Amino acid sequence: MDIVHLPRRLLLAGLGSAALVVVAGCESHRATSSTPQPSGSPRPSGSSPGGTAALRRKIASLLVVGFRGTEAPNWIIKAVREGLGGVILFDQDLETKTARNIRSPEQVTRLVKTLKDASPGRLIVSIDQEGGPTSRLNPSNGFPATRSEAEIGAENSTSATRDWARGLVAGLTRIGVNLNYAPVVDVNVNPDSRAIGMLGRSFSADPDVVVSNATQEIQAHRAAGVKTCLKHFPGSGSAAGNTDFEVVDVTDTWQEKELEPFQRLIQAGLADSVMAAHVLNKQLDPTYPASLSTATVTDLLRGRLGWHGPVVSDDMQAVAVTDRYGAAEAVDLALQAGLDLLVFANQQVYDPGVVEETIDTITGLVRAGRITEDRIDQSVARVDSLRPKR
């Protein structure tokens with residue numbers, strides 16, 4: 001198979017050409033997709049067959065939001081009833097340092113059932129269950145300990161990886177989670193990375209090892225009906241810091257081989273979704289972090305790597321985004337870049353009004369002609385592929 005291996009000047013030239021093609025061929029749509037387009041002529045930016053209520057419901061379906069409580073607070077239940085796309089569960093609350101959503105298997109199973117029962121549709125219930133230190137289900141809340149990706153990659157045994165992955169998935173299906181933000185397919189180019197290497201979050205510095213172990217993990221999830229998310233595109237293996245807490249620039253340390261796991265897994269049909277990182281990589285875009293970059297998401301990921309499915313944001317409240325952009329501008333840029341599912345962890349800040357505020361923002365963007373409703377429909381169709389079957 002063809003893997004991207006180009007000198008930096010040719011890679012950037014290719015991206016520039018791709019950008020021209022996108023602009024010339026689809027001026028009103030910043031993202032390309034194989035998703036079937038709505039029939040008929042594109043609607044004017046301010047029109048909607050069902051009016052404002054229908055538009056707001058579609059926008060709500062593109063949001064995943066975190067909340068405090070081992071029981072669902074009223075505001076999240078209301079949002080779910082009104083069409084919120086999904087929720088994200090955490091074991092610990094970043095600010096209070098106390099249990100957030102998960103105290104025991106029985107408790108969190110009840111919580112998930114309550115949320116699903118409130119939803120008129122197919123609610124996404126998501127989590128970060130990578131294994132090792134980044135495991136929301138762990139011995140502190142009654143779940144088995146799990147090995148990290150680094151430990152699994154070091155062993156690099158097909159049977160051991162398969163057993164490990166099945167163990168991860170068993171915890172997810174036990175409580176009703178249907179989207180796991182895993183596997184991490186970052187290449188461990190910097191073992192001292194505070195974001196990846198030092199936390200054991202990468203399978204290996206060898207892309208072949210990353211791909212083979214991620215393949216086993218994805219297949220185990222699929223066998224159980226749980227969707228996965230490749231992260232963190234276009235590669236955070238050299239990140240010195242964590243974008244949750246600081247602006248991270250990988251321009252001088254990012255290596256082209258970090259694209260390889262994403263491309264190979266996409267080509268193999270093993271991607272359910274891809275998460276765009278908040279890292280700044282001026283080799284790919286001189287101005288915007290990857291998650292807000294048309295050059296990175298639309299031209300590189302969708303164009304050169306051929307990904308036509310859902311692109312998921314990292315936490316939209318992360319310091320790497322909020323330090324430079326306000327909430328409204330970040331949402332605008334993310335959608336313009338080509339993202340589909342926006343995740344608000346509600347950890348860096350806790351805002352029970354985030355759902356309504358974000359819907360207001362995106363509704364305003366549609367009414368102002370910044371984004372078309374057809375573009376919203378494309379994202380709805382892509383995100384629907386992540387939803388559980390009835």
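Ser61 touches Gly83, Leu84, Gly85, Leu341, Val380, Val383 and Arg387, leaving aside residues up to four places away in sequence, where a contact means heavy atoms within 4.5 Å. This serine sits in the loop between helix H2 (51-60) and strand S1 (63-66); helices (H or I, at least four residues) and strands (E, at least two) are DSSP runs, numbered from the N terminus. With a relative accessibility of 12%, Ser61 counts as buried, since buried means under 20% relative accessible area, exposed over 50%, and partly exposed in between, computed with a 1.4 Å probe and protein chains only.

The structure is a predicted model, in which local features need a pLDDT of at least 70 and side-chain atom pairs count only at pLDDT 80 or more, while totals for chains, interfaces and linings use all residues. Residues are numbered from 1 along each chain as its sequence is written, and side-chain values use heavy atoms, with hydrogens and water left out. The pLDDT is the predictor's confidence in each residue, from 0 to 100; the chain averages 89, and 85% of the residues score at least 70. Over residues 1-47, however, the pLDDT is below 50, although this stretch has 82 contacts in the model beyond near neighbours in sequence. Where pLDDT is low, the predicted coordinates should not be read in detail.

Two strands are said to pair if DSSP finds at least two bridges between them. Three bridges join S1 to S11, the two running parallel, and Leu63 stands opposite Leu342 in S11.

Helix H3 (residues 74-81) has Trp75, Ile76, Ile77, Ala79 and Val80 as its buried residues, and what covers them includes S1, strand S2 (86-89), helix H4 and helix H12 (354-367). Trp75 counts as buried at 19% relative accessibility, and, apart from residues up to four places away in sequence, this tryptophan touches Val65, Gly66, Phe67, Asn346, Tyr350, Pro352 and Val355. Trp75 and Val355 are 280 residues apart in sequence, yet 9.3 Å apart in space, C-alpha to C-alpha. Asn346, one of the residues that Trp75 touches, lies in the loop between S11 and H12 and is buried, with a relative accessible area of 0%. Asn346 also has a positive phi of about 60° although it is not a glycine.

Helix H6 (residues 158-175) has 18 residues and reaches 27 Å from its first C-alpha to its last, close to the 26 Å expected at 1.5 Å a residue, the expected span being 1.5 Å times one less than the number of residues. Its buried residues include Ala160, Trp164, Leu168 and Ile175. Among the elements covering the buried residues of H6 are helix H4 (105-118), strand S3 (124-127) and helix H7 (207-223). After H6 comes Gly176, whose phi is positive, near 100°.

A further open sheet is formed by three strands in the order S8-S9-S10, with parallel pairing. Strands S8 (230-233) and S10 (311-313) stand at its edges, each with a single partner strand, so one side of each is left without a neighbour in the sheet. Neighbouring strands here are turned by 35° against each other on average, direction ignored. Two bridges join S8 to the parallel strand S9 (residues 274-276).

Two peptide bonds deserve a last look. Most residues other than glycine have a negative phi, and most peptide bonds are trans. A cis peptide bond, with omega of about 5°, joins Ala182 and Pro183, and Pro183 is found in the loop between S6 and H7. Another cis bond joins Phe233 and Pro234, again with omega of about 5°, and Pro234 has its place in the loop between S8 and H8.

Terms used. Axes fitted to C-alpha atoms, helices over the stretch in contact; angles between N-to-C directions.
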